[in-house]
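Biologist: I would like to learn how to read a model of protein with DNA. Please take me through it feature by feature.

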Protein chains: 2
Amino acid sequence: MGFKKRRVKLEDIARRLNISIATVSRALDENPRVKKSTQEKVFKMAKVMGYMPNQIAKSLSSGKTNIIGVLIPRYDEPFFIEVCRGIDQYARNHNYKILISSSRNSYKFEKENLISFEKGLVDGIILSPTHETENVAHLNDLINKGMPIVLFDNIREEVSGADHVIINDEKASFEAVEFLIKKGNKKIAFIGGIKQKKVFQDRYKGYISALAHHNIPLYDELVLHCNSLDREFEDKEILNFFRGLNISPDAVFACTDNYGLLTMKTLLKIGKKIPDEVAVIGFGDLGPGEIFVPTLTCVSQPSFEMGQKAAELLIKQLNESEDIDHIKTIIKLETKLTEREST
Amino acid sequence: MGFKKRRVKLEDIARRLNISIATVSRALDENPRVKKSTQEKVFKMAKVMGYMPNQIAKSLSSGKTNIIGVLIPRYDEPFFIEVCRGIDQYARNHNYKILISSSRNSYKFEKENLISFEKGLVDGIILSPTHETENVAHLNDLINKGMPIVLFDNIREEVSGADHVIINDEKASFEAVEFLIKKGNKKIAFIGGIKQKKVFQDRYKGYISALAHHNIPLYDELVLHCNSLDREFEDKEILNFFRGLNISPDAVFACTDNYGLLTMKTLLKIGKKIPDEVAVIGFGDLGPGEIFVPTLTCVSQPSFEMGQKAAELLIKQLNESEDIDHIKTIIKLETKLTEREST
DNA sequence: AACAATAATACAAACGTTTGTATTATTTTT
DNA sequence: AAAAATAATACAAACGTTTGTATTATTGTT
């Protein structure tokens with residue numbers, strides 16, 4: 001004891017069997033160029049000696065790591081975790097692993113992380129750019145250098161060489177708000193997220209156009225764009241919003257599950273009955289909405305599937321010939337409205 | 001266009017400057033062996049040519065990847081994500097990245113993932129073994145091969161060479177139950193998790209001994225060990241439990257946040273008032289308990305810190321001399337009871 | 001100006017694989 | 001039994017770094 005064993009390598013097996021390294025390598029690959037009986041000897045010896053291939057050496061030699069880099073804005077958002085699960089599942093089934101990083105909602109960290117990915121650890125990248133990403137030059141650069149990239153969630157259309165996986169946020173919101181309208185609601189509040197994010201812009205557009213389409217007036221007072229990046233502050237922001245209202249809404253369309261839950265919590269706190277006095281719809285549908293009392297009606301977003309699709313697109317890119325320009329693919333997934341007790 | 005650019009490497013810089021690769025390498029390292037003026041030339045040229053070091057080649061040469069493998073039983077458990085956040089933060093500050101995998105609560109996948117880690121991609125491993133892990137030979141093997149390992153959460157004391165990061169589950173539970181008792185409750189239900197997990201065993205022990213210590217009878221009927229591995233089934237399991245009770249509990253000690261929330265939801269559904277008729281305590285304290293109405297009193301577990309500590313222990317191991325046997329360290333973190341509306 | 005001391009750089013092996021080409025061994029053909 | 005065809009294996013370069021040692025260039029000393 002006391003000494004870490006030196007790893008056994010191809011050379012060790014080769015020496016023990018008195019054959020060349022190349023033959024050992026090919027034998028383990030079940031390459032037909034090596035005789036069946038030799039192959040068996042090699043396999044047996046490899047097992048006896050506890051051989052474990054060195055992935056790093058393989059990667060250097062092959063130029064592939066079989067690792068997908070995943071960059072999300074934050075960990076504590078079930079949506080992103082669910083997307084990661086989807087990526088992970090698809091990737092694993094196709095012999096890829098995933099390396100997850102968080103940009104912590106910061107452009108600076110996003111760039112840093114991408115640079116670390118660029119150092120060759122990763123064959124391709126799936127990311128949701130942060131809202132701070134105004135300039136997408138770093139992404140275009142990376143793509144020009146030949147790095148396959150897939151964007152999801154907060155996509156940036158200016159990024160030309162990357163595939164996109166999205167949902168139709170505007171349509172989904174339109175339908176959700178229309179649903180509220182058809183239930184007879186006329187003073188519908190909007191709780192959005194960071195304005196700079198395309199998803200939230202689109203959800204706002206959907207809200208606006210649903211109102212317009214049904215000739216319902218839009219009250220600016222009933223619109224909140226949450227700016228908090230942290231769970232603890234969102235809470236307060238929403239409470240203050242509802243406390244400060246002069247118009248009393250009869251429904252709320254919230255742009256995330258969490259906003260939906262916080263809204264319900266706030267409404268209950270100020271003594272409103274849900275759904276009798278105020279109806280609430282959330283967006284995302286990742287579990288907690290089902291636990292709350294009352295349960296939360298949601299726009300159900302196929303998060304897991306988004307991850308799978310993103311991985312699928314990326315792996316497809318990875319298998320494309322290197323000397324043909326990639327043709328951008330955009331996948332738009334369907335949402336549906338899941339009605340529960342809050343409406 | 002149409003061709004991915006070949007990456008520029010040290011050799012390219014060397015050729016352009018008419019110097020040797022070794023000098024370029026040392027220059028970029030700011031090694032004093034190279035003349036200041038040369039260093040500057042190299043840096044400039046590296047920048048001009050867009051040099052990006054090849055991490056894989058570095059790793060092969062150095063024998064270190066600066067990647068920590070993290071293996072958790074499931075992604076959709078905020079506790080594990082929070083631990084990962086902690087690991088990530090500490091690791092990143094110490095120039096390590098993390099590679100997260102999920103064993104999906106299966107011994108088979110756990111082994112598979114560990115093998116993939118063993119292939120040299122990872123300098124060390126942090127893991128929470130699944131409840132299915134009866135035999136820890138695979139862990140001991142890995143440790144004997146020299147792989148640094150830190151266990152957290154569902155630790156296995158039989159694993160001798162690995163550090164542990166844990167909380168005092170028994171004590172935390174004892175205190176939580178005692179808290180309920182001191183509030184005058186006498187029929188306290190217990191909602192536990194998978195019996196095979198040490199954490200749940202210990203929480204159960206704490207429950208038992210708190211009752212015993214205060215001479216409160218233990219009703220087997222009031223004890224549930226949830227076996228569901230999936231969110232959707234936990235729900236039903238708990239509902240059925242409460243529906244089937246003959247004794248009506250005046251308090252519930254739930255072994256996770258989620259069980260606590262599901263308990264509250266169920267109690268509200270069957271018309272109980274919380275906390276007036278039934279008090280509820282959860283375990284973990286990772287957010288959702290604060291949103292629910294009423295908010296959930298919890299044993300607060302320092303999940304993020306557990307991750308940080310685990311990373312700290314692992315990185316310490318990684319820096320230990322290779323020819324000295326590692327001395328097992330166990331870190332026990334403190335919990336505290338956070339009182340909210342449910343008690 | 002010759003020599004030593006030191007600074008700066010170059011050379012080459014190593015990390016553990018893969019893979020194209022060369023070589024040797026075996027089988028087939030005549 | 002020799003030549004040709006093919007099967008099996010060995011050799012060596014490559015992947016992009018790092019690093020110990022050898023070499024060359026520069027400076028200082030007398």
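Modeller: Start with a polar contact, which is a pair of N or O atoms within 3.5 Å; within protein, one must be able to donate a hydrogen and the other to accept it, and residues adjacent in sequence count only if both atoms are side-chain atoms. Here a backbone N or O atom of A:Leu10 lies 3.0 Å from a phosphate oxygen of DNA strand C. This is a predicted model, in which local features need pLDDT of at least 70 and side-chain atom pairs count only at pLDDT 80 or more, while totals for chains, interfaces and linings use all residues. Residues are numbered from 1 along each chain as its sequence is written, chains are lettered from A and ligands numbered from 1 in the order in which they are written, and side-chain values use heavy atoms, with hydrogens and water left out.

Biologist: How many residues surround DNA strand C?

Modeller: A residue is near a strand if one of its heavy atoms lies within 4 Å of it. DNA strand C has 26 such residues, and the closest are A:Lys9, A:Ser25, A:Arg33, B:Ser20 and B:Thr38. Of the atoms of DNA strand C that come within 4 Å of the protein, 62% are sugar and phosphate.

Biologist: Which helix gives the largest share of that surface?

Modeller: Helices are DSSP runs (H or I, at least four residues), numbered from the N terminus. Helix 2 of chain A gives the largest share of the surface near DNA strand C, four residues. For classes, Ala, Val, Leu, Ile, Met, Phe, Trp, Tyr, Cys and Pro count as nonpolar, Asp, Glu, Lys and Arg as charged, and the others, Gly among them, as polar. The surface near DNA strand C has 11 nonpolar, eight polar and seven charged residues.

Biologist: What comes nearest to DNA strand D?

Modeller: Of the 26 residues around DNA strand D, the nearest are A:Ser20, A:Thr38, B:Lys9, B:Ser25 and B:Arg33. A polar backbone atom of A:Ser20 is 2.6 Å from a phosphate oxygen of DNA strand D. A base oxygen of DNA strand D lies 3.5 Å from a backbone N or O atom of A:Ser61. Helix 2 of chain B supplies the largest share of the surface near DNA strand D, four residues.

Biologist: How many salt bridges does the structure hold?

Modeller: A salt bridge is a side-chain nitrogen of Lys or Arg within 4 Å of a carboxyl oxygen of Asp or Glu. Over all chains there are 35. One of them joins the side chains of A:Arg203 and A:Asp169 (2.6 Å, N to O). A:Arg203 lies in helix 9 (residues 198-213) of chain A and A:Asp169 in helix 8 (residues 169-182) of chain A, so the pair ties together parts that are 34 residues apart in sequence.

Biologist: Into which domains is chain A divided?

Modeller: Domain bounds come from an automatic or database domain assignment. For chain A they give domain 1 (10-53), domain 2 (62-167 + 304-333) and domain 3 (169-300). The C-alpha centres of domain 1 and domain 2 of chain A lie 38 Å apart.

How values were computed:
Helices (H or I, at least four residues) and strands (E, at least two) are DSSP runs, numbered from the N terminus.
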